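Have a look at the model first, then try each task before reading its solution.

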Amino acid sequence: MTPTIALLLIITFLLSTVGLLLLIWSIATNQFSQSQAAARTIFSPGEEGHSEDPALEGAPPYVVDKKIDDEAVNARWLADHSSKPAVLTWLTSAVIWLLIGSMYGLFSSIKMHYPEFLADSAWWTFGRIRPMHLNAVTYGWASMAGIGVILFLIPRLFKTPLYGTKYAITGAVIWNIGMLLGLGAINLGLSDGQEWLEFPWQIDLLFVVAGALCAIPLLITCAKRTEPHLYVSSWYFLAALVWFPFLFFIANAPYLFPGATGATVNWWFAHNVLGLWVTPIGIGTAYYLIPKILGRPIISYKLSLIGFWSLALFYSQVGIHHIIGGPIPTWLVTLSIVHSVMMSVPVITVAINHHGTMWGHFSMLKDSPTLRFVWIGALMYTASSLQGSMEALRSINVITHFTHYTVAHAHLGMYAFLSFILFGAVYFIMPRLTDWEWPWRRMISLHFWLVASGILIYFVSLTTAGWLQGLALLDAKTPFLEIVQMTIPYLQGRTLGGSLMTLGHIVFAVHFVAMLKRSGTAKNEPTLFRVSAKEVS
């Protein structure tokens, strides 16, 4: 165990050293000194005070009346369309994997309370379709949609067209090949047997290559940017693209971490995927879209940078709290618990900025699809992160460990936080790439209420089941079968919630295809949740 711990500490030290060098560079290049003025770099001249997603009733339109304003708007249009082929490739792939992952997730949920369901085939056993669900939604939906959103936002943040689009498209093709081979291998029973690391390591190499290809255009565009300041979203995106390949390569290195050492590396990786990959994507996207839709900068730019650097400092050792009581040194578990509690620092700073910027403008949630999805996702980031810090405490962990409570918590973060933000981002991006508004307002509303009610039922059911399950497991006199039977109604509630979410995904996918085909009629105004005039379908 000692070599494994030593390696993890060395990796953490190297990451911290790189982070320190980046911090020194950011200070030397005045990334901090611009203070609140830096929060306005995402706006074009004259745009501040005007919503790019004009959901605020009575808001004055953004009228270009100067040559410099006209040039800024044209430059933004060119930046958007420079990424169009790559973004549509990644987003379309993500939507397909969302449907596939949802199907496997729903089937695995049904098996939890009705094990005879599809029990005659080895291909449909729980031990195969559950990891297929996890990998399809993590690496297929969330990762590919996240990369697509980054490819769209980076040209806007750097105020320059995306360079090297062909690399990103090639990366998407290789990534999809990896997904097909990886899910096929799991379905045939060829799995590495570790959660979040089920794909055989030979197939994992495809994701390393695909990720590297995707990083090339982002780095080239960063080098050629016309905006000298790196807005906080850029920090999150670039850091995620550096952290994830590093984590993924180390965790999938074959034959280096056998036995109990593999569990330590497994959860070091699994939690860092959440904190150093999907979390930066979600937070960075929210930091851009919330102020853009409101037409006002975030309330504290310095606080946003504190949130980024504290995330980089505290998150790397959080995952070890998942193996409290395992065959690892107590001091390492305690270190992880301390890091988990200290994560309240970046969470609170992000919450102050996201929700403080919204203060006084909550009425816009009634109209804007993007704002409603993104803000609820940001709110769920606050809730899931604070819940995770509490869950790491030994007094809480002894109840929730190895129960349905942990599954509920994971979905609060991965779905209610990240997926909601990605849904909102897609509603923002697609009209700008296709030059076409979403055809049907009712489908957006139906999508929202299906997934929102679905995750609510899902989370409440499993949280309740997990807590009762944990308390019962602490009572040695309670038969295990009785505990299992007690959770069945809550597992049925989980399936109900999952069914609603799956229906929502189908609605979303159909509407997405309609956007690609430019269905419906041309509109001169955005498709919002509410309309003043009667809608004609």
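This is a predicted model: local features need pLDDT of at least 70, side-chain atom pairs count only at pLDDT 80 or more; totals for chains, interfaces and linings use all residues.

**Exercise 1.** Describe the make-up of the chain: how many helices and strands does the chain have?

*Solution.* Start with the secondary structure: there are 16 helices and zero strands. Next, turn to burial: of the 537 residues, 58% are buried. Finally, take the contacts with a separation of 6 or more: 85% of them join residues 24 or more positions apart.

**Exercise 2.** Work out how helix 15 and helix 16 are oriented relative to each other.

*Solution.* Helix 15 spans residues 441-473 and helix 16 spans residues 480-516; their axes come within 8 Å and cross at roughly 165 degrees. Angles over 145 degrees count as roughly antiparallel, and the two helices are therefore roughly antiparallel. Their crossing is left-handed. The contact between them has 25 nonpolar, 13 polar and one charged residues.

**Exercise 3.** Now classify the packing of helix 4 against helix 7.

*Solution.* The axes of helix 4 (residues 126-158) and helix 7 (residues 232-252) are 10 Å apart, at an angle of about 140 degrees. That makes helix 4 oblique to helix 7. On the helix 4 side, the contact residues include Y139, I150 and L153; on the helix 7 side, they include F237, L241 and F244. By class, the contact has 11 nonpolar, two polar and no charged residues.

**Exercise 4.** Which members of the largest nonpolar core touch the most other members?

*Solution.* This core has 149 residues, and L151 and F269 touch the most other members. Beyond four places in sequence, the contacts of L151 include W90, L162, C214 and L218.

Key. Residues are numbered from 1 along each chain as its sequence is written. Side-chain values use heavy atoms; hydrogens and water are left out. A nonpolar core is a set of buried Ala, Val, Leu, Ile, Met, Phe, Trp, Tyr and Cys residues joined through side-chain atoms within 4.5 Å. Buried means under 20% relative accessible area, exposed over 50%, partly exposed in between (1.4 Å probe, protein chains only). Contact means heavy atoms within 4.5 Å. Axes are lines fitted to C-alpha atoms, for helices over the stretch in contact, and angles run from 0 to 180 degrees between N-to-C directions. Helices (H or I, at least four residues) and strands (E, at least two) are DSSP runs, numbered from the N terminus. Angles under 35 degrees count as roughly parallel, over 145 as roughly antiparallel, 65 to 115 as roughly perpendicular and the rest as oblique. A crossing is left-handed if the near helix is turned anticlockwise from the far one by less than a right angle, and right-handed if clockwise. Ala, Val, Leu, Ile, Met, Phe, Trp, Tyr, Cys and Pro count as nonpolar, Asp, Glu, Lys and Arg as charged, and the others, Gly among them, as polar.
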